[in-house]
Amino acid sequence: MQLVVNDLSAKFPCQDLKTGQDMMKDFIDTYYLVKGVMDSDSILMDKDYRSFELAENYRMEHWLNDERVDIEQKRRFRRMLNQSRTFDSDEFEQEYQWKMEAEFHHNDLTSRSCQLAYEIDGVLISFLSDSYWKKAVVKGIYTYLDEEGEIIFEDASIPNVSCEDNAAIFCEEQEHILASQKKESIHSGMDIFMCRDEMFPNLIFCENALKQLQTEIGGTEAGQVYRRLLELQTVANEMGKKFDKEKLTHATPESKATLQQFEEEHKVMMPDGTRQVFSWHVRFTGGYGGRIFFEPRPEESKIYIGHIGKKLPTVKYH
């Protein structure tokens, strides 16, 4: 889980210098409040915030050299920038396998930041340019064209932090998850492998997924993989007679076109020795944009896990 700067909240220059300086303080304080419960210290930015006009005739370069600004705030800002990445780049798109093939609409506005945060299960960090951004969740409509050429509309919600109040709400929720993760000492895929029988009794791991846990899932991915598997375990345990994808974060099937062209790449050996096409998948991030492919079996109250690793080829990506 990563922080993404909310471009909708970045309304600069501010109406006056004090407003701009207060806004920077709130933003930096919020970052340091929540970064301890994130999977990564990295913050994803829509642009380079080293240089912009904070207030009229007062740029960030002035802020960084202003003796009236607390020196610790300036140090924290520099450290934050050192952990930042700008997502408007070819390098970022290749690493995260991210393309501008969808849109996120919030009220009458389109936001690339919201799109990215939604797609990678990230968290928005907003400037308090308006009290509106004190809300703990930003909602909107996620629109994309699927591989069959159909326009899909999804109701979407993204966690948002911008001040002490909503940061506290977010941290409390995450600390419950982290406590479970810490209890099991999850630092790598091998740790997940070792606790799988105890933590995921309703998940059946195929041999391919077990090998990937042991060899491909490192420290930067382990936390998110563990959380996604916990979600799948909860769904499997409560599944009843029907699999409900709405209970999972971004659970989607592959398109018919992809499965026709890349059927063999999506086949995995099941525990009984048969080969099964795996279509349903959820996302995780870390050192790369990954996927967990699974097959729900409501009649068994089980979910089979076939693949935990890099994105499989599709008609758009291979």
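## Overall architecture

Among contacts in the protein chain between residues at least 6 apart in sequence, 68% join residues at least 24 apart. The model under discussion is predicted. Its protein chain contains 10 helices and 16 strands. Of the 318 residues in this chain, 51% are buried.

The radius of gyration of the protein chain is 21 Å, which agrees with the value near 20 Å that a compact globule of 318 residues would have. Taken along the principal axes, the box filled by the C-alpha atoms is roughly 70 × 45 × 35 Å. The accessible surface amounts to about 15,700 Å², and carbon and sulfur atoms account for 47% of that area.

## Packing of helices H7 and H8

Helix H7 covers residues 189–199 and helix H8 covers residues 207–215; the two pack with their axes 6 Å apart and at an angle of about 135°. H7 is therefore oblique to H8, since an angle that falls between 115 and 145 degrees is neither roughly perpendicular nor roughly antiparallel. On the H7 side, the contact is made by Gly-189, Met-190, Ile-192, Phe-193 and Arg-196, while H8 contributes Leu-210, Leu-213 and Gln-214. Sorted by class, the residues of this contact are 5 nonpolar, 2 polar and 1 charged.

With a relative accessible area of 6%, Ile-217 is buried, because the limit for a buried residue is under 20%. Leaving out residues up to four places away in sequence, Ile-217 touches Ser-188, Gly-189, Gln-212, Ala-222, Val-225, Phe-284, Tyr-288 and Ile-308. Gly-189 also belongs to the H7 side of the contact between H7 and H8. Between the C-alpha atoms of Ile-217 and Phe-200, which lie 17 residues apart along the chain, the separation is 17 Å.

Pro-296 lies in strand S15, which spans residues 290–297. Its relative accessibility is 11%, so Pro-296 counts as buried. When neighbours within four places in sequence are set aside, Pro-296 is in contact with Met-239, Phe-243, Trp-280, Lys-302 and Ile-303. Phe-278 is 18 residues from Pro-296 along the chain, and the C-alpha atoms of the two are separated by 9.7 Å.

Ser-301 occupies the loop between S15 and strand S16 (302–310). Although Ser-301 is not a glycine, its phi is positive, at about 55°. Ser-301 counts as partly exposed, with 28% relative accessibility.

## Backbone geometry elsewhere in the chain

Most residues other than glycine have a negative phi, and most peptide bonds are trans. Asn-57 has a positive phi, near 60°, and is a residue other than glycine. Asn-57 is placed in the loop between strand S3 (53–55) and strand S4 (58–59). The relative accessible area of Asn-57 is 65%, and the residue is therefore exposed, the threshold for that class being over 50%.

The peptide bond that joins Phe-12 and Pro-13 is cis, with omega at about 0°. Pro-13 is situated in the loop between strand S1 (3–5) and helix H1 (17–34).

## Two partly exposed sites

His-105 is part of strand S6, residues 102–106. Its relative accessible area of 27% makes His-105 partly exposed. Not counting residues up to four places away in sequence, His-105 touches Thr-110, Gly-140, Ile-141 and Thr-143. Ser-301, which is 196 residues from His-105 along the chain, has its C-alpha atom 37 Å from that of His-105.

Asp-244 is found in the loop between H9 and helix H10 (256–261). Asp-244 is likewise partly exposed, its relative accessible area being 32%. In sequence, Asp-244 and Ile-308 are 64 residues apart; in space they are 21 Å apart, C-alpha to C-alpha. Ile-308 is also one of the residues touched by Ile-217.

Technical notes
Residues are numbered from 1 along each chain as its sequence is written. This is a predicted model: local features need pLDDT of at least 70, side-chain atom pairs count only at pLDDT 80 or more; totals for chains, interfaces and linings use all residues. Side-chain values use heavy atoms; hydrogens and water are left out. Axes are lines fitted to C-alpha atoms, for helices over the stretch in contact, and angles run from 0 to 180 degrees between N-to-C directions. Helices (H or I, at least four residues) and strands (E, at least two) are DSSP runs, numbered from the N terminus. Angles under 35 degrees count as roughly parallel, over 145 as roughly antiparallel, 65 to 115 as roughly perpendicular and the rest as oblique. Contact means heavy atoms within 4.5 Å. Ala, Val, Leu, Ile, Met, Phe, Trp, Tyr, Cys and Pro count as nonpolar, Asp, Glu, Lys and Arg as charged, and the others, Gly among them, as polar. The radius of gyration is taken over C-alpha atoms; the globule rule is 2.2 Å times the number of residues to the power 0.38. Buried means under 20% relative accessible area, exposed over 50%, partly exposed in between (1.4 Å probe, protein chains only). Accessible areas come from the Shrake-Rupley method with a 1.4 Å probe; for residues, only the protein chains shown count as cover.
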